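Please read them with the structure open.

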Amino acid sequence: MGGRSLCTTAPLLSSSLVRSAVATAPVNLGVSAVAKDQAGLPSLLVAAPTAQLALKGATPADIARAHLARLAPMWKVDALPDLRTAGEVTVRGGTITRLTQELEGLPVLGEVRVMTRPTGELVAVNGTLVGQD
């Protein structure tokens with residue numbers, strides 16, 4: 001909200017690094033996939049209590065994007081789509097940030113919702129991240 005849109009489109013890791021990270025992602029990334037879509041990709045991730053990201057002064061949307069960049073291998077994504085803030089909802093224990101996705105300027109059906117604590121700690125991610133690759 002607030003009229004400001006931050007997008008991340010830079011590649012994250014080499015394909016070989018992403019593939020090796022996907023094999024052990026729940027251990028390496030501090031999350032567990034508790035639901036998967038028809039393609040077997042996570043649609044609901046729940047974070048371990050240690051899944052923290054220290055971003056002093058960052059907005060909940062910035063923190064949500066950083067967590068998605070870190071977790072991209074869970075969806076076999078090495079080039080993030082444009083992630084635009086669709087809204088933020090303050091809830092007991094944190095903030096749910098709704099992010100829409102765009103590929104080459106075209107909207108992707110569905111959004112990703114990221115719940116974070118005020119400390120930046122990840123609570124959960126709902127939705128499927130799509131890649132530009």
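**Notes on the fold**

1. Overall layout. Along the sequence, the elements follow the pattern α-α-β-β-α-β-β-β-β. That makes 3 helices and 6 strands in the chain. Keep in mind that this is a predicted model.

2. Burial and contacts. The chain has 133 residues, and 40% of them count as buried. Consider contacts with a separation of 6 or more. Residues 24 or more positions apart account for 54% of these.

3. The sheet. The 6 strands form an open sheet in the order β1-β2-β6-β5-β4-β3. The pairing is antiparallel. Which strands stand at the edges? They are β1 (31-36) and β3 (82-91). Each has a single partner strand, so one side of each is left without a neighbour in the sheet. On average, neighbouring strands of this sheet are turned by 20 degrees against each other, direction ignored.

4. β4 and β5. Strand β4 covers residues 94-103 and strand β5 covers residues 106-116. They run antiparallel, joined by 8 bridges. L103 stands opposite L106 in β5. The two strands form a hairpin with 2 residues between them. In that turn, E104 has a positive phi of about 50 degrees.

5. β5 and β6. Strand β6 (residues 122-126) pairs with β5 in the antiparallel sense, over 4 bridges. T116 has L122 in β6 as its bridge partner. R113 stands opposite N126 in β6. This hairpin has 5 residues between the strands. G120 takes a positive phi there, near 95 degrees.

6. Q101. Please look at this residue in strand β4. Is Q101 buried or exposed? At 1% relative accessibility, Q101 counts as buried, because the cut-off for that class is under 20%. What does its side chain reach? The side chain of Q101 reaches the backbone oxygen of T128 at 3.0 Å. Leave aside neighbours within four places in sequence, and Q101 is in contact with P81, D82, L83, L106, P107, V108, G110, V112, T128, L129 and V130.

7. The nonpolar core. The largest nonpolar core has 20 residues. Those that touch the most other members are V31, L68, L71, W75 and V125. Which elements give two or more residues to this core? They are β2 (42-47), α3 (60-71), β5 and β6. The most comes from α3, with 3 residues.

8. W75. Neighbours within four places in sequence aside, W75 is in contact with L41, P42, L45, L68, V125, G127, T128 and L129.

9. Helix α3. How far apart are the end C-alpha atoms of α3? They are 16 Å apart. At 1.5 Å a residue, the 12 residues should span 16 Å, which agrees. The buried residues of α3 are A61, I63, A64, R65, H67, L68 and L71. An α-helix has 3.6 residues a turn, so residues three or four places apart point the same way. Bear that in mind when viewing A61, A64, L68 and L71, which are among the buried residues of α3. R65 and H67 count as buried too.

Key: Residues numbered from 1 in each chain as written. Predicted model: local features only at pLDDT ≥ 70, side-chain atom pairs only at ≥ 80, totals over all residues. Heavy atoms only, no water. Pairing = 2+ DSSP bridges. Axes fitted to C-alpha atoms, helices over the stretch in contact; angles between N-to-C directions. Buried < 20%, exposed > 50% of the residue type's maximum accessible area, 1.4 Å probe, protein only. Polar contact = N/O pair within 3.5 Å; in protein donor to acceptor, adjacent residues only side chain to side chain. Contact = heavy atoms within 4.5 Å. Core = buried A, V, L, I, M, F, W, Y, C linked by side-chain atoms within 4.5 Å. Expected span 1.5 Å × (residues − 1).
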